[in-house]
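Okay, thanks everyone, let me put the model up on the screen.

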Amino acid sequence: MDDHNQSSFSEIVQINKEELASGYPKWFRVVECLALIAFFVSTGIILYRIFLSIPDLWYLLLPASLLGWIFSDFIGGVVHWAGDTWGSVDFPIFGPALIRPFREHHVDPYAITRHDFIETNAACALAGNPILFVCLFLNMGKDYKVTSFLIYFVFFMTIFVLFTNQIHKWSHTPNPNRFLKFLQNTRIFLNPEHHKIHHTVPFNKYYCITTGWMNPILTRIQFFPRLERLITKYTRALPRREDIGIKAAEKLI
Ligand SMILES: [Zn+2]
Ligand SMILES: [Zn+2]
């Protein structure tokens, strides 16, 4: 990666934004479309099973959806942290497909507002598909309360995770409509001012982008810095090596 841009900010070094934008592979677009189809087929089947079970299991709806909403913030945050912190766009397959969007978002935060529905959301569908597939084979009904709850929870969580990046995109949209503004101001959706904390160099906190509710909690317990220290200890990998450059990343250790 020879033609890095030196940003005006001290030792932060990032990849050229045009290079990142042009790195969206055509083959991954096909994978994304297939992932979205598989996602909607799986969730459609599960929704039908939930609908049939509601007369016996209606009381699971509220706790499963609330837990799904909170967990989608957490899971989205962990995936965002992993994508921001580790790996390189030069990795085969994963680099251009899955790591590149994270690097691009820090160099050009408004690029996401130009992405269509597939580019914005399909990677989240891809991540949710394996667990949805497992749920298709679990028993459901009043005699299987534990697995029923698990299916309800996974259904809501994956639906919310699917829209995590959409909600994130709206937090960067210059003039959201009044309804979106209401949801952002009430913190039901990620609030743009809250999200600005993540976009402050060196981009190492407030990774949760659905509601952002988990951000102060995870910051307070030093969740991500502790995890990074543990990973660095056992792998010698340098967190944010590519995102902000080696010099700045070493300073943060
Ligand atoms: Zn980020
Ligand atoms: Zn953002």
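So, Phe203 sits in the loop between α9 and α10. This is a predicted model, by the way, so keep that in mind. Buried or exposed, then, for Phe203? Buried, because Phe203 has 20 C-beta neighbours inside 10 Å, and 20 or more is what buried takes.

Now look at the peptide bond between Val201 and Pro202: that one is cis, with omega at about 10 degrees. Pro202 is also in the loop between α9 and α10, which runs between helices spanning 192-196 and 214-220.

Next, Arg187. Here's another non-glycine with a positive phi, about 65 degrees. You'll find Arg187 in the loop between α8, residues 178-185, and α9. Arg187 counts as exposed, because there are 12 C-beta neighbours inside 10 Å.

Okay, on to the helices. Take α5, residues 117-135, and α7, residues 164-172: their axes come within 8 Å and cross at roughly 150 degrees. So α5 is roughly antiparallel to α7, since the cut-off for that is over 145. Which residues of α5 and α7 make the contact? From α5, you've got Thr120, Asn121 and Cys124; from α7, Thr164, Asn165, Gln166 and Lys169. Sort the α5 and α7 contact by class and you get five polar residues, one nonpolar and one charged.

That's my tour, happy to take questions.

Note on methods:
Residues numbered from 1 in each chain as written. Chains lettered and ligands numbered in written order. Predicted model: local features only at pLDDT ≥ 70, side-chain atom pairs only at ≥ 80, totals over all residues. Axes fitted to C-alpha atoms, helices over the stretch in contact; angles between N-to-C directions. Helix = DSSP H or I, 4+ residues; strand = E, 2+ residues; numbered from the N terminus. Parallel < 35°, antiparallel > 145°, perpendicular 65-115°, else oblique. Contact = placed C-beta atoms within 7 Å. Nonpolar A, V, L, I, M, F, W, Y, C, P; charged D, E, K, R; others polar.
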